[in-house]
Amino acid sequence: MMIKMLTVLGAVTVATQGLGAFGVAHAQAPDCSRDAFSKAVDKAAASLRQHSAESQPRILAGIRQLKVRNGWRDEEEGERARELLADPETDALDQKAAQLLATMDRLSEEGGQKGGDCAKLSELRATADALTATVRSKTELVMRRISAALAMRSAEPLPRQPVSAVTKP
């Protein structure tokens, strides 16, 4: 069924590009080779690296602003950031990402061994998309928390931070 859908989509794409004599196009078989599995993993990795390169500087800058504003010592910066950002919601996103990574690993290994399984390749790509969405969701959550903490008065305790940890101005 999936192969038929991909073949039809491929034929429609080729036909709409005006290729083939008299508007008739022959659909190419989808590429479900070992190389296609490898390319799918590489594409997902590149997307995650790009997202990290864009988001990590903003997250670190926000944490540094909180450190300065709240008078955190260098050695306590990491712990204070964890107190602010770690909770069941972020833990759930981390667990989901770990599961998706394990699924991607399994699917890429299976596809790399024999190739030709277009359903597995489709599942690999969908899993990669879900992983990217999960990582982006966590980043958005972290950025919202940092923004909310920066919007608070400096004398207020940060969410989930003990009152004794707040430095008074």
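Predicted model: local features only at pLDDT ≥ 70, side-chain atom pairs only at ≥ 80, totals over all residues.
Student: Why is helix 2 called roughly parallel to helix 5?

Tutor: Let's start with the general idea. Two packed helices are described by the angle between their axes and the distance between the axes. Here, helix 2 (residues 34-70) and helix 5 (residues 118-151) pack at about 5°, and their axes are 10 Å apart. Angles under 35 degrees count as roughly parallel, so helix 2 is roughly parallel to helix 5.

Student: Which kinds of residues make up the contact of helix 2 with helix 5?

Tutor: That contact divides into 20 nonpolar, seven polar and five charged residues.

Student: How do you know that Cys-32 and Cys-118 form a disulfide?

Tutor: Good one to check! A disulfide is a covalent bond between the sulfur atoms of two cysteines. The sulfur atoms of Cys-32 and Cys-118 are 1.7 Å apart, and the cut-off is within 2.5 Å, so the pair counts as a disulfide. The structure holds one disulfide. With 110° about the S-S bond, the link of Cys-32 and Cys-118 is right-handed.

Student: Where in the chain are the two cysteines of this pair?

Tutor: They belong to distant parts of the chain, 86 residues apart. Cys-32 is in the loop between helix 1 (2-16) and helix 2, while Cys-118 is in helix 5.

Student: Why does Cys-32 count as buried?

Tutor: Buried means under 20% relative accessible area. Cys-32 has 7% relative accessibility, so Cys-32 counts as buried. Cys-118 can be judged in the same way: its relative accessible area is 10%, so Cys-118 is buried too.

Student: What is in the largest nonpolar core?

Tutor: This core has 14 residues, and Met-104, Leu-121, Leu-124 and Leu-131 touch the most other members. Helix 2, helix 4 (88-114) and helix 5 each supply at least two residues of this core. Helix 5 gives the largest share, five residues. Apart from this core lies another one of 11 residues, including Ile-59, Val-142, Met-143 and Ala-149.

Student: Which residues is Met-104 in contact with, leaving aside its neighbours within four places in sequence?

Tutor: Met-104 is in contact with Ala-44, Leu-124, Thr-127, Ala-128 and Leu-131.

Student: How do you know whether Thr-127 is buried or exposed?

Tutor: Compare its value with the limit again. Thr-127 has a relative accessible area of 8%, and buried means under 20%, so Thr-127 is buried. Thr-127 sits in helix 5. Leaving aside neighbours within four places in sequence, Thr-127 is in contact with Leu-100, Thr-103, Met-104 and Leu-107.

Student: What do the buried residues of helix 3 pack against?

Tutor: They pack against helix 2, helix 4 and helix 5. The buried residues of helix 3 (residues 77-85) are Glu-77, Arg-80, Ala-81, Glu-83, Leu-84 and Leu-85.

Student: How much of the chain is buried?

Tutor: Of its 169 residues, 30% count as buried.

How values were computed. Residues numbered from 1 in each chain as written. Heavy atoms only, no water. Axes fitted to C-alpha atoms, helices over the stretch in contact; angles between N-to-C directions. Helix = DSSP H or I, 4+ residues; strand = E, 2+ residues; numbered from the N terminus. Parallel < 35°, antiparallel > 145°, perpendicular 65-115°, else oblique. Nonpolar A, V, L, I, M, F, W, Y, C, P; charged D, E, K, R; others polar. Core = buried A, V, L, I, M, F, W, Y, C linked by side-chain atoms within 4.5 Å. Buried < 20%, exposed > 50% of the residue type's maximum accessible area, 1.4 Å probe, protein only. Contact = heavy atoms within 4.5 Å.
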